[in-house]
Amino acid sequence: MTSEQTALYAYIKFTGNDDFPLDAVTESLGVQPTRTWKVGERVNTHTPLKRDHTAWKYETETLETLVVEEVLDPLLENFSGKVDIINSLKERLNLNVQIALVITMENGRTPGLVIWPEFSRFASSINAFIDIDMYVGAFSEDG
């Protein structure tokens, strides 16, 4: 990212230490992942490091904004009606669920970190842990 504006995106990620069928998650949720990987795959082409877990990840669009809801709302819209499916997948495939908010701050501009009750209830209903990653300047995530 080369913008001079603070940017945000969010994602939901299903992970397991064991290999699990990524297609089963996609089919059950009816949502195409943004990215997937399997345990043992290389992290990227620049390093010999290998993934220590399998993951199914859905990422929102990166937006230049200071309003957290703009990137969390798409997660809520796509997944809040699938709580029973998510909990079934977690139990059946022994998965963990992570919800992350990623902030790349530019020029000292930081968003207000407010999580509203509807989103809190959703995260709690799937027993997801919430991760907030904050970076200064350009950032590119490989996983």
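## A buried tryptophan

W56 is buried in this predicted model, because its relative accessible area is 0%. What is the ring of W56 paired with? The rings of F14 and W56 have centres 5.5 Å apart and planes at 75 degrees, so this is an edge-to-face pair. F14 counts as buried too, at 0% relative accessibility.

The pair brings together distant parts of the chain, with F14 in strand 1 and W56 in strand 3, 42 residues apart.

## The core around I12

Let's move on to the nonpolar core. The largest one has 33 residues, and I12, F79 and F122 touch the most other members. Strand 1, strand 3, strand 5 and helix 4 are among the elements that give two or more residues to this core. Contacts of I12 include W56, Y58, F79, V97, I99 and F122.

## Strand 5 and its neighbours

Strand 5 (residues 96-105) is mostly covered, with 9 of its 10 residues buried. With strand 6 (residues 129-136), strand 5 pairs in the parallel sense over 8 bridges, and A100 is partnered with D131. From strand 5 the chain passes through helix 4 (residues 117-125) to strand 6, a right-handed β-α-β crossover.

## Charges over rings

The charged end of K57 sits over the ring of Y11, 4.1 Å from its centre. For R51, the charged end lies over the ring of W37, 4.0 Å from the ring centre.

Key: Residues numbered from 1 in each chain as written. Predicted model: local features only at pLDDT ≥ 70, side-chain atom pairs only at ≥ 80, totals over all residues. Heavy atoms only, no water. Buried < 20%, exposed > 50% of the residue type's maximum accessible area, 1.4 Å probe, protein only. Helix = DSSP H or I, 4+ residues; strand = E, 2+ residues; numbered from the N terminus. Pairing = 2+ DSSP bridges. Right-handed = clockwise from strand over helix to strand, strands pointing away. Core = buried A, V, L, I, M, F, W, Y, C linked by side-chain atoms within 4.5 Å. Contact = heavy atoms within 4.5 Å. Phe/Tyr/Trp six-rings, centres within 6.5 Å; stacked < 30°, edge-to-face > 60°. Lys NZ or Arg CZ within 6 Å of the ring centre and 35° of its normal. Lists of a residue's contacts leave out its neighbours within four places in sequence.
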